[in-house]
Amino acid sequence: FILMLIPIPESLAATVVIDFNDAPMQSFLTEDYFEDGFKMELVSGHYDISGSDFSSNGTHFLGIDQFSDDPSVVKFSALNGRLFDFLSYENVNLEEVIIRSSAGGLATMQQEGMNFFSGSEWRNLQWLSFSSDAPVGGVGIDSLTLTSAVPVPPAFWLFASAVAVFCKKRS
C-alpha cells in the first residue's frame with residue numbers, strides 16, 4: 001500500500017553526448033551514422049569525420065561543408081522514435097551553421113566553443129538538423145548533448161507489484 005503512494009515516473013531522462021570519437025576519420029561520407037541510440041542521416045551534400053589534428057578541442061568531430069551546389073544538411077533523430085531535447089553542442093570551427101528543430105527552433109550560430117539551448121523550440125523534438133554552405137573545411141560539430149526519455153523497465157514494475165502484494169499480506 002505504501003508503494004502505491006510513491007509517485008514513480010513512467011520514464012526517466014537519459015543524457016547522451018554524441019562525440020564522434022569512435023568513428024573513423026573519413027571524408028565525403030553519405031551513409032547514416034549511429035551513436036548512443038541516435039541516428040544521423042544525410043539530407044543533402046556529404047559529411048566528414050575529422051580528427052584531432054583539425055580540432056580546437058583535440059577530438060574527432062563532425063564536419064559539414066558545401067562541396068557541390070547544395071549545402072550539406074544532416075538530421076538527428078532517436079532510433080526508438082522517442083522525443084528528445086537538445087541541450088548543447090560544441091562549434092569546433094568558426095564557420096556559420098544553421099540549426100533547425102521539429103518544434104520550430106531556428107538558430108544561426110558562428111560562435112566557437114560550447115553553445116547552449118533552452119526554450120520550447122528545443123524540447124520534445126522528433127528531429128534536429130544542422131546545415132552549412134561553408135566552403136571546404138566548413139563547420140565542425142562536436143559534443144552534441146541530447147536528453148531522451150527512457151522507459152522504466154517492466155522488471156521494476158513487476159518487482160514493485162510483488163513488494164506491494166507482500167506488504168499487503170503482512171498487514
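Visitor: Which residue is the bridge partner of tyrosine 89 in strand 11?
Guide: Asparagine 115 is the bridge partner of tyrosine 89 there. Before we go on, this is a predicted model, where local features need pLDDT of at least 70, side-chain atom pairs count only at pLDDT 80 or more, and totals for chains, interfaces and linings use all residues. Residues are numbered from 1 along each chain as its sequence is written, and side-chain values use heavy atoms, with hydrogens and water left out.

Visitor: How many bridges join strand 8 to strand 11, and how do the two run?
Guide: There are 4 bridges, and the strands run antiparallel. Two strands pair if DSSP finds at least two bridges between them.

Visitor: Is strand 8 enclosed or open?
Guide: Strand 8 (residues 84–91) has 7 of its 8 residues buried, so it is largely enclosed by the rest of the structure. Buried means under 20% relative accessible area, exposed over 50%, and partly exposed in between (1.4 Å probe, protein chains only).

Visitor: Stepping back, how many helices and strands does the chain have?
Guide: The chain has 2 helices and 13 strands. Both are DSSP runs numbered from the N terminus: helices are H or I with at least four residues, strands are E with at least two. Of the 171 residues, 41% count as buried.

Visitor: What share of the contacts comes from residues 24 or more positions apart?
Guide: They account for 66% of the contacts with a separation of 6 or more; contact means heavy atoms within 4.5 Å.

Visitor: New topic: where is aspartate 48, and what does it touch?
Guide: Aspartate 48 is in strand 5 (residues 47–50). Not counting residues up to four places away in sequence, aspartate 48 touches Gln26, Ser27, Phe28, Phe61, Leu62, Gly63 and Asp65. A polar atom of its side chain lies 2.8 Å from the backbone nitrogen of phenylalanine 28.

Visitor: How many salt bridges does the structure hold, then?
Guide: The structure holds 1. Aspartate 32 forms a salt bridge with lysine 39, with the closest N and O atoms 3.5 Å apart. Aspartate 32 is partly exposed at 34% relative accessibility, and lysine 39 is partly exposed at 22%.

Visitor: What about backbone angles: which way does the phi of phenylalanine 20 go, positive or negative?
Guide: Positive, about 60°, although phenylalanine 20 is not a glycine. Phenylalanine 20 sits in the loop between strand 1 (11–18) and strand 2 (26–29), and counts as buried at 0% relative accessibility. Asparagine 124 also has a positive phi, about 55°, but counts as exposed at 53% relative accessibility. Its loop runs between strand 11 (113–116) and strand 12 (128–132).

Visitor: Last one: what is glycine 105 in contact with?
Guide: Leaving aside neighbours within four places in sequence, glycine 105 contacts Ile99, Arg100, Glu121 and Trp122. Glycine 105 and glutamate 121 are 16 residues apart in sequence and 4.5 Å apart in space, C-alpha to C-alpha. Glycine 105 lies in the loop between strand 9 (97–101) and strand 10 (106–109), and counts as buried at 4% relative accessibility.

Note on methods. A polar contact is a pair of N or O atoms within 3.5 Å; within protein, one must be able to donate a hydrogen and the other to accept it, and residues adjacent in sequence count only if both atoms are side-chain atoms. A salt bridge is a side-chain nitrogen of Lys or Arg within 4 Å of a carboxyl oxygen of Asp or Glu.
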